[in-house]
Amino acid sequence: MKQSLIIALDFPSLIQTKQFLQHFQSEKLAVKVGMELFYQNGPGIISFVKEQGHDIFLDLKLHDIPNTVKMAMRGLATLNVDMVNVHAAGGSRMMEAALEGLDSGTATGKKRPLCIGVTQLTSTSQEQMNLEQNINGTLEDAVLHYAKLSGQAGLDGVVCSTHEVRRIHEHISDQFMTVTPGIRNEGGPTHDQHRIATPEQARIIGSDAIVVGRAITSAKDPLQTYLDMKASWEGIRC
Ligand code: C5P
């Protein structure tokens, strides 16, 4: 998953997912399956996407008591996905339990799925964090705190905005993965994302993987848009 452009498959049904993936028959993709698709279609969606040869980031953002997360992760590891995630707010013991579950569910000789932490959702404002979560200080400091906690618990990285990548790498390590959504083409519609960057800006700033949804899924020509964004992410001049 490192260095990947991950396409967010934000579709409600298997049929729409199949229609979209038909554009990419000659491409090996990295895709993100989130709650919408997984909860409505179950583990069968994972087998289908895997059969197409694509890598999968299963974005279910687990957050529960350590034992529940451990047993859930054990099950998710058997689905043969490549990356999963948890809310860092669940605490270090919960994150360690997630890794234990993944280890125990990974077949001998196979690589355990990467596990990354969700720091603060990009939809959370600083005011909301201060007032509703009762966390003082800036959003940036809270993100860095959760990233450090995730690293100490042994997680492989975090989801964050491109604006936080440098600080996280400086304080933790360059090897700690930063997975960044909010990616748009220059001048493209921003939708509901506030802190956006182009694939090229994300590469320059040091993002380890980018997540792209609507810029590709809503494009007139999804394959060409994907190829253009991938080239710009990889630093290939067209
Ligand atoms: O369409 P768009 O490119 O904005 O989609 C971004 C994807 O990344 C969505 O699936 C969204 O849920 C996900 N995401 C995000 N911000 C986060 C975590 C995940 O936008 N902090």
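In strand E4, methionine 83 is the bridge partner of phenylalanine 57. This pairing belongs to a predicted model. Strand E3 covers residues 55–62, and its pairing with E4 is parallel, over three bridges. Between E3 and E4 the chain passes through helix H4, residues 66–77. This β-α-β crossover is right-handed.

E4 itself spans residues 83–87 and is mostly covered. Five of its five residues are buried. Both faces of the strand are covered. Met83, Asn85 and His87 lie on one side, and Val84 and Val86 lie on the other.

E4 also pairs with strand E5, residues 114–118. The sense is again parallel, and the pairing runs over five bridges. Within this pairing, asparagine 85 stands opposite isoleucine 116 of E5. The chain reaches E5 from E4 by way of helix H5, residues 92–105. This β-α-β crossover, too, is right-handed.

Eight strands close it, in the order E1-E2-E3-E4-E5-E6-E7-E8, with parallel pairing. On average, neighbouring strands of the sheet are turned by 25° against each other, direction ignored. Strand E1 (residues 5–8) pairs with strand E8 (residues 209–212) in the parallel sense, over three bridges. Here isoleucine 7 stands opposite valine 212 of E8. In general, strands of a sheet pair through backbone hydrogen bonds.

Beyond E5, threonine 124 sits in the loop that leads from this strand to helix H6 (126–132). Threonine 124 has a relative accessible area of 9%, so it counts as buried, the cut-off being under 20%. Apart from its neighbours within four places in sequence, threonine 124 is in contact with Met129, Gln133 and Leu139.

Buried residues of H11 are Pro222, Thr225, Tyr226, Met229, Ala231 and Trp233. The buried residues of H11 pack against strands E1 and E8. They also pack against helices H1 (14–21), H9 (199–205) and H10 (214–217). Glycine 235 follows H11 and has a positive phi, near 80°.

The structure holds 13 salt bridges. One of them joins the side chains of lysine 28 and aspartate 55, at 3.1 Å from N to O. Lysine 28 lies in the loop between H1 and strand E2 (30–34), whereas aspartate 55 belongs to strand E3. The pair therefore ties together parts that are 27 residues apart in sequence. Lysine 28 is exposed, with a relative accessible area of 55%.

Glutamate 100 takes part in a salt bridge with lysine 70, and their closest N and O atoms are 3.6 Å apart. This pair links distant parts of the chain, with glutamate 100 in helix H5 and lysine 70 in helix H4, 30 residues apart. The side chain of glutamate 100 also meets that of arginine 93 in a salt bridge, at 3.3 Å from N to O. Glutamate 100 is partly exposed, at 30% relative accessibility. Lysine 70 is partly exposed at 28%, and arginine 93 is partly exposed at 41%. Together, Lys70, Arg93, Glu96 and Glu100 are linked in a network of salt bridges.

Definitions and conventions: Residues are numbered from 1 along each chain as its sequence is written. This is a predicted model: local features need pLDDT of at least 70, side-chain atom pairs count only at pLDDT 80 or more; totals for chains, interfaces and linings use all residues. Side-chain values use heavy atoms; hydrogens and water are left out. Buried means under 20% relative accessible area, exposed over 50%, partly exposed in between (1.4 Å probe, protein chains only). Helices (H or I, at least four residues) and strands (E, at least two) are DSSP runs, numbered from the N terminus. Two strands pair if DSSP finds at least two bridges between them. A crossover is right-handed if, with the strands pointing away from the viewer, the path from the first strand over the helix to the second runs clockwise. Axes are lines fitted to C-alpha atoms, for helices over the stretch in contact, and angles run from 0 to 180 degrees between N-to-C directions. Contact means heavy atoms within 4.5 Å. A salt bridge is a side-chain nitrogen of Lys or Arg within 4 Å of a carboxyl oxygen of Asp or Glu.
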